[in-house]
Amino acid sequence: MKRIAVLTSGGDAPGMNAAVRAVVRKAIHEGMEVFGINYGYAGMVAGDIFPLTVRGVGDKISRGGTFLYSARYPEFAELEGQLAGIEQLKKHGIEGVVVVGGDGSYHGAMRLTEHGFPAIGLPGTIDNDIVGTDFTIGFDTAVTTALDAIDKIRDTSSSHKRTFIVEVMGRNAGDIALWAGIGAGADEIIIPEHDFDVSDIVTSIKNGYKNGKNHNIIVLAEGVMKGAELAEKIKAAGDRSDLRVSTLGHIQRGGTPTARDRVLASWMGAHAVDLLKAGRGGLAVGIHNEELVESPILGTAEEGALFSLDNGKIIVNNPHKANLDLYKLNKEISY
Ligand code: F6P
């Protein structure tokens, strides 16, 4: 393979730039040429494709966001969109693609591979909800950002004896809530993967203050409900504390990536190039027990594939699960 391309797709995540940099530098090191595709699959279809150089990816490793821009582009799930993208790849003589993004981006990579353009997926999202990897690029930074924000909120919580619901991102996954919550010493962590009882929360707020606590922090994963909705439920169940809601929002998506995200992204990016060089595609790179692994994106569960097709419907073979040991841990240490 002589010429490859790299794109970022879906929600941006800190570390995406480090991944692109590694793809470019490693590919050039291996004697290949590399093109960047702006705005993910949308840019591929629009032909927003340009050559990347060693110097062109300089000064990018420490930046948040993605300098290749990103977009959610559901049209690429349709054959028409895929063929239009392939037309552009052919025009530029591109033979393989590295895609940094989430699940939807992986499906696009699979389709490209089926059409004869080997593509490799790298897990780029703050949510840590991608199958086939213990950790995604951007998760560690998002947790660090959320943690920092919760530490600050705790100051006011303690100064005024206020109860705070802090709503964090994560889509349908509770990973950001669990990691940031435990790191920040949250009193409660509420995640989609575990049920909860509002009256237990009210009791624990009351007991906390009675037992000498001067703050109460409830970290809520957005996949459960909005912070304001939970506040209403807690009040309706009899809470008398000074209850406030803080939604952290997109600050969790931005900012300079942590060392962990930069290293993970660099490692995975270089590995993607090795796979393409070996003519392999339709694979997603992950990290498992601190070692890089790759899994077929589509196939059977027995083959270790991340997704299967059932009558044209995409099935996740081993859906992502937040680590419930961490949930239990917080219950044991947060009273
Ligand atoms: O997938 C990353 C994420 O930030 C989720 O945590 C959140 O639910 C979603 O994207 C927000 O998407 P948007 O930026 O398109 O509103």
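**Figure 1. Phe-164 stands opposite Ile-217 in strand β8.** The model shown here and in the other views is predicted. Six bridges link strand β6 (residues 162-168) with strand β8 (residues 216-221), and the two strands pair in the parallel sense. Both strands belong to an open sheet of four strands, ordered β7-β8-β6-β9, in which the pairing is parallel. At the edges of this sheet are β7 (188-190) and β9 (242-247), each of which pairs on one side only. On average, neighbouring strands of the sheet are turned by 20 degrees against each other, with direction ignored.

**Figure 2. Val-6 has Gly-36 of strand β2 as its bridge partner.** Strand β1 (residues 3-8) and strand β2 (residues 33-37) run parallel and are joined by five bridges. The two strands form part of an open sheet of seven strands with the order β3-β2-β1-β4-β5-β10-β11 and mixed pairing. Its edge strands, β3 (49-52) and β11 (291-296), each pair on one side only. From one strand to the next, the twist of this sheet averages 30 degrees.

**Figure 3. Helices α1 and α9 at the seven-stranded sheet.** Helix α1 (residues 16-29) lies across β1, β2, β3, β4 (96-101) and β5 (119-123), and runs at about 175 degrees to β1. Helix α9 (residues 259-277) packs on the sheet as well, where it touches β1, β4, β5, β10 (283-288) and β11. The direction of helix α9 makes about 165 degrees with that of β5.

**Figure 4. The ligand lies between domain 1 and domain 2.** Gly-11, Thr-125, Ile-126, Asp-127, Met-169, Gly-170, Arg-171, Glu-222 and Arg-253 surround the ligand. By class, this shell consists of two nonpolar, three polar and four charged residues. Because domain 1 (3-138 + 257-298) and domain 2 (141-253 + 324-334) both contribute residues to the shell, the ligand is placed between them.

**Figure 5. The contact between domain 1 and domain 2 involves residues of both.** The chain is divided into domain 1, with segments 3-138 and 257-298, and domain 2, with segments 141-253 and 324-334. A distance of 35 Å separates the C-alpha centres of the two domains. Domain 1 gives 13 residues to the contact, and domain 2 gives 12 residues. On the side of domain 1 that touches domain 2, the residues divide into four nonpolar, five polar and four charged.

**Figure 6. Positions listed under "binding site" in an unreviewed UniProt entry.** The entry lists Arg-21, Ala-22, Val-23, Val-24, Arg-25, Arg-154, Gly-185, Ala-186, Asp-187, Lys-213, Asn-214 and His-215. These positions span 195 residues in sequence, and the farthest two C-alpha atoms are 52.3 Å apart, so the listed residues do not all gather at one spot. One of them, Arg-21, has its place in helix α1.

How values were computed. Residues are numbered from 1 along each chain as its sequence is written. This is a predicted model: local features need pLDDT of at least 70, side-chain atom pairs count only at pLDDT 80 or more; totals for chains, interfaces and linings use all residues. Two strands pair if DSSP finds at least two bridges between them. Axes are lines fitted to C-alpha atoms, for helices over the stretch in contact, and angles run from 0 to 180 degrees between N-to-C directions. Two residues are in contact if their C-beta atoms, placed from the backbone, lie within 7 Å. A residue is near a molecule or strand if its C-beta atom, placed from the backbone, lies within 6 Å of it. Ala, Val, Leu, Ile, Met, Phe, Trp, Tyr, Cys and Pro count as nonpolar, Asp, Glu, Lys and Arg as charged, and the others, Gly among them, as polar. Domain bounds come from an automatic or database domain assignment. UniProt positions are given in the numbering used here, feature names are shortened, and annotations may be inferred rather than shown by experiment.
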